[in-house]
Amino acid sequence: QVQLVESGGGLVQAGGSLRLSCTVSRRGSNPVGVGWFRQAPKKDREFIGLISWPNGGTTYADSVNGRFTISRDKNTVNLQMNSLTPEDTAIYYCAASPFLSRDIEHYRYWGQGTQVTVSS
């Protein structure tokens, strides 16, 4: 059983930065991967990146590579977002998986989401 709680969303101007956090609590074994996803209005939820819980390795979607950075500090997984554009506006979710996967179907546990709005 894994519980995830996101925090840190809000309103930011284009070109600005925002840091999201995901606090992970679990009963039993650790997840293998913690992923970040986002869902914009009228769009499917999309993968943006993940971190390996055991070794801290990261993988990113092309759309955010070089702008977003995922890190872990104990039980918190952070998503640092720089050079934000209005196209980054979405609800952002963290999720836990027993795999290192970009596939949303591999993520069983989800946070409640946090809204990020980027104004032009």
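Modeller: Before we start, helices (H or I, at least four residues) and strands (E, at least two) are DSSP runs, numbered from the N terminus. This is a predicted model, where local features need pLDDT of at least 70 and side-chain atom pairs count only at pLDDT 80 or more, while totals for chains, interfaces and linings use all residues. Residues are numbered from 1 along each chain as its sequence is written, and side-chain values use heavy atoms, with hydrogens and water left out.

Biologist: OK, which strand is the place of Glu-6?

Modeller: The chain has 0 helices and 11 strands to pick from. Glu-6 sits within residues 2-7, and that stretch is strand β1.

Biologist: Which side chain of opposite charge is nearest to Glu-6, and how far away?

Modeller: Lys and Arg count as positive and Asp and Glu as negative, with His and the chain ends not counted. Glu-6 is buried (under 20% relative accessible area; exposed is over 50%, partly exposed in between; 1.4 Å probe, protein chains only).

Biologist: Then which backbone nitrogens does the side chain of Glu-6 reach?

Modeller: One is 2.9 Å away and belongs to Cys-94. The other lies 2.8 Å from a polar atom of the Glu-6 side chain, and belongs to Gly-113.

Biologist: And Arg-67, buried or exposed?

Modeller: Arg-67 lies in the loop between β6 (58-60) and β7 (68-73). Its relative accessibility is 18%, so Arg-67 counts as buried.

How values were computed
A salt bridge is a side-chain nitrogen of Lys or Arg within 4 Å of a carboxyl oxygen of Asp or Glu. A polar contact is a pair of N or O atoms within 3.5 Å; within protein, one must be able to donate a hydrogen and the other to accept it, and residues adjacent in sequence count only if both atoms are side-chain atoms.
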